[in-house]
Amino acid sequence: MNALDKESASPHGNRDAARPTNVLIVGVGGQGVLMVSKVLAALCQSEGFEVKQSEVHGMAKRGGSVFSHVRFGEQVWSPTIPRGEADIVVALEWAEGVRWLDHLKRDGGTFIADTQRIVPPISFRNRTRNAASAYAPETPAEVVALVGNGFALDATSMATGLGDRRVANTVLLGALSTVLPFAAEHWLAVIEQFVPAKTKDLNRRAFLAGRDWAVSAERVPAAAATDAVAQKVTARAIETAPAHLLTINEAWCKGCDICVKMCPERCLSLNARMVAELARPDACTACHLCEWLCPDFAIRIESAPAVKGAS
Amino acid sequence: MAAEGIDEFDIRDYLRTELLPHFMCPGCGHGIALRALLWAVHEERIAKDQLAIVTGIGCSGRVGGYIDANTFHVTHGRPLTFATGLALARPDLEVVVITGDGDCLAIGGNHLIHACRRNLRMTCLMLNNEIYGMTGGQVSPTTSEARLTTTTPYGNAEPTFDACGLAAAAGAGLVGRGMTLQTVALKNLIREALAYRGFSFVEILSDCTEIFGRKNDLGSSPEMILRQKGSMRPDFYGNTVEHPFRPNNLTTGIIARNERPEYGDTYRSEVLAPHGHGGAAAGVSAPVE
Amino acid sequence: MGAGQRINLQGNHACALGAIAAGCRFYAGYPITPSSDVAERMALELPKVGGVFIQMEDEIASMGAIIGASMGGAKVMTATSGPGFSLKQENLGYACMVEVPCVIVDVMRGGPSTGMPTRPAQGDIMQARWGTHGDHPIVVLAPSSVSEAFSETIRAFNIAETLRTPVVLLYDEVVGHLVETVQVPDPGSVARAERKWATGAREAFQPYAATDDDIPAMARPGDGYRCHATGLTHGERGLPTQNPAEVERAMQRLLGKLERHRDVIDRFETFAAEDAEILVVAIGITARAAKRAVAEARRQGIAAGLFRPVTLWPFPEQPFRALAERAKAILVPEMNAGQLSLEIERLSGRPAKVARINRLSGEPIEPAEILKTIEELARHGR
């Protein structure tokens, strides 16, 4: 079934005309958060609404947190959405979606998120190998159950399947279109203004894929947390820091001191015979730097057999 | 740390371990470069039996002997010529040339530019340590200006060669530069070079600690390796020398691409095929009876 | 041998066709007069048999490329002339040391240096033997006709492959550019020797083992042996060594292996030599002039004879010594200042009885000139 033929059930269609609709779009740098908000703002404007769009992206280089507020209605005064008053949160990255959940309306808010995880280095506060990261632990199923109207879709994989992972944001626009009272062809007309000419067809297919997915997901809400998504989330849930083994082949070590000085944890030292030894085994995080930089292949860090292949 | 679907890399699987410890000096970067190569070989799933390593003369030339593969330690400056014959006769082999700055740019310079021009599939790794280490520390075509060597006792007055610029200008299919300090990036660069269908050239910044380092008072092995990258010199080492070891703002990664037909493919399709010979990987060695 | 065909051929082209017939499938070369015809013919012929021709950037590279291809398992050849031969010498020494079969053609022209590129000479006799540094084994074949340029090239390949050694095919510019009618056999009827390849378990294999015949089996890349080849002095495992006993053993085997296989290597031609009192020794085009002179001398009743080493190095000592003993005088005509005569003086036992005709003008030595000297030797002795 084509999503264009479908009369979309729009929870925000019959809204109070006096009150603006608040859409918060979040993600990380490089994903196209601003493209999503520009499309939405332009569309709302062309549909006769007053629109305010405000975004924070100046501090976000590629990979950093980016968010954009879009408010539209008969009359809009404030440019930003107060906490707890967003009608819709669109998240292009999973943890960003979780981070902004408190902005969503308690009752009847719509949450649309890509389950794609972009794990920032800072979330690895425990540097021990295979240690659990501080990345958002909430599973899509949990979040979907928490909010009034939840859509957790693997938009990035869908986009990749269509030929270019970069159209994941358009997939999300497709999903978003099902909860707003604008005709699909109007969405597509605006999207085409904002994408390169040669990707028009691709973006159209991405939009329709997202829209199709959201329409069917709404009927069967459980489908939002697909098996694939669940697997993705559990795969990282290795909570224990597994043992590793650092061995030094004394016969091969020439005492060049590189491992000692390059170790970020300062856990190696040269002994009286000018051979490297692991002086502080507890401090070793198995970062491998010493192994990689040893010109004599004297250092080897081995995962314990139990955790081999776990990652 | 294993790449997807591959066993964890254990360098000992790729070494003639009975020959270790190797004969290189403490802190010599060539060992790290060798690790990066073998790691890349592992991740590219190249079988040791199909790997042919051709090396020239000098410290870089001795690196090959430690590899558990088909290794050819040939004459000074000529590894590219031997490799050309080998790769043309045996397109089924993965041919890797390991050479040095003197081997590749001085005595073997002519072979380098023609190998780049020809674009026959092989990977050339040039270990650049700015010195003739094996012979005791003479000036090389990449020795930085003003540096002391046994043959520039008053400081090197000659300008240096930009090996990557040379290779790119001569038409090498893939040109890159890596440094031993960034082992993982170097490994990934070598992976690209190995996978490239054509002539790929990788310059590897490697440290000669015992000879070049001592002569120029460049500090300990860790200090030297840290100098490869200007921004990565921690304050606690201080500035033990007035100038960096070498220009430490050199571009790394892929420097140039010249997409051109691979010479072996062209020879087989344009010269052999019209005579009814030369399948995709036809070699000219006789089958074993 | 099959019926083959009779055709007019130039010496250099005969060499190229001989190489193809012998199974040569890789040629790397660099243009140089007067050998370029070999390269041109190889460029034409090799693709027809699925082989590879490549013109390299220089002479050194050509030599490197053929050694590399041979180590990969191909039968290989290159051709050059004096200046290029000089450039190839270091890599030639590598092939001797690592025991890589290969054939190097040196078409001799006037030297030293650039000399006379289009003029014949025989000045590379010693370079062919001692051109590279250090003691090394080498085989040098010296054809004197177009027919032999063909057949000796085949023999060069067979010796190279059988004994794992470089073989130099040494002939002068006259032989190279001479056109003669020759019988060329069908390629299929040519007897080809194949290299001894490593077989059996990898663990038990030693790339330079002292085998019964002193010829180690070669490990072909890809067959699972993963051996090391190095120009450094190496022991039986192929790894560099400076252990005096190991070095001595390795070098004695290397230098002794040709001596053990004289039966494969030695070849010479004699003409009226059995009872010769004046024995002429010559190679290449000079030997053909000498033959004519000897025939003429015999007609005059002079007991002259000819000894022509077809294998020049190692010199066929035993057969020559037997003839030299009987001779009252030995005459060595050659197109150089005296190179072959040095070896003949050494082997004759009595250097005083060795007379020379030397030619440096870039012209061949004529039969009349040799005959004149034979007559003088017959009259006055030596």
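Residues are numbered from 1 along each chain as its sequence is written, and chains are lettered from A, and ligands numbered from 1, in the order in which they are written. Because the model is predicted, local features need pLDDT of at least 70 and side-chain atom pairs count only at pLDDT 80 or more, while totals for chains, interfaces and linings use all residues.

## Chain A

Chain A contains ten helices and ten strands; helices (H or I, at least four residues) and strands (E, at least two) are DSSP runs, numbered from the N terminus. Of the 311 residues in chain A, 42% are buried. A residue is buried if 20 or more other C-beta atoms lie within 10 Å of its own, exposed if 12 or fewer, and partly exposed in between, with C-beta atoms placed from the backbone. Two residues are in contact if their C-beta atoms, placed from the backbone, lie within 7 Å. Among the contacts in chain A with a separation of 6 or more, 66% are between residues 24 or more positions apart.

Helix 1 of chain A is mostly covered, with ten of its 14 residues buried. Among them are A:Val33, A:Met35, A:Val39, A:Leu40 and A:Leu43. The elements that cover the buried residues of helix 1 include strand 1 (21–28), strand 2 (50–56), strand 3 (65–73), strand 4 (88–91), helix 5 (168–177) and helix 6 of chain A. Just after helix 1, A:Gly48 takes a positive phi of about 95°.

A:Val190 lies in helix 6 (residues 184–194) of chain A. A:Val190 counts as buried because it has 21 C-beta neighbours inside 10 Å. Leaving aside residues up to four places away in sequence, A:Val190 touches A:Val39, A:Ala42, A:Leu43 and A:Ser46. The C-alpha atoms of A:Val190 and A:Leu40 are separated by 8.4 Å, although these residues are 150 residues apart along the chain.

## Chains B and C

The contact between chains B and C involves 40 residues of chain B and 40 residues of chain C. On the chain B side, strand 2 (70–73), helix 3 (79–89), helix 5 (109–118) and helix 10 (263–272) each supply at least two residues. Helix 3 of chain B gives the largest share, eight residues. By class, this side of chain B has 17 nonpolar, 16 polar and seven charged residues. Here Ala, Val, Leu, Ile, Met, Phe, Trp, Tyr, Cys and Pro count as nonpolar, Asp, Glu, Lys and Arg as charged, and the others, Gly among them, as polar.

Strand 2 of chain B runs parallel to strand 10 (residues 228–230) of chain C, and three bridges join them. Two strands pair if DSSP finds at least two bridges between them. B:His73 stands opposite C:Thr230 in strand 10 of chain C.

The largest nonpolar core has 211 residues, and those with the most contacts inside it include B:Leu86, C:Phe26 and C:Leu279. A nonpolar core is a set of buried Ala, Val, Leu, Ile, Met, Phe, Trp, Tyr and Cys residues joined through C-beta atoms within 7 Å. C:Phe26 touches residues of both chains, including B:Gly85, B:Ala89, C:Gly51 and C:Val52. A second, separate core of 63 residues includes A:Val70, A:Leu153, A:Leu172 and A:Ala209.

## A sheet in chain C

An open sheet of five strands in chain C has the order 11-13-12-15-16, with mixed pairing. Strand 11 (268–271) and strand 16 (354–358) stand at the edges, each with a single partner strand, so one side of each is left without a neighbour in the sheet.

Strand 11 and strand 13 (residues 304–309) of chain C pair in the antiparallel sense over four bridges. In this pairing, C:Arg308 is the bridge partner of C:Glu269, and C:Pro309 that of C:Phe268. Four bridges also join strand 12 to strand 13 of chain C, and these strands run parallel.

Six of the six residues of strand 13 of chain C are buried, so this strand is largely enclosed by the rest of the structure. C:Ala304, C:Leu306 and C:Arg308 point one way from strand 13, while C:Gly305, C:Phe307 and C:Pro309 point the other way.

## Two helices side by side

The table gives the spans of two helices; the expected span is 1.5 Å times one less than the number of residues.

| Helix | Residues | First to last C-alpha | Expected span |
|---|---|---|---|
| Helix 1 of chain A | 33–46 (14 residues) | 20 Å | 20 Å |
| Helix 10 of chain C | 284–299 (16 residues) | 24 Å | 22 Å |
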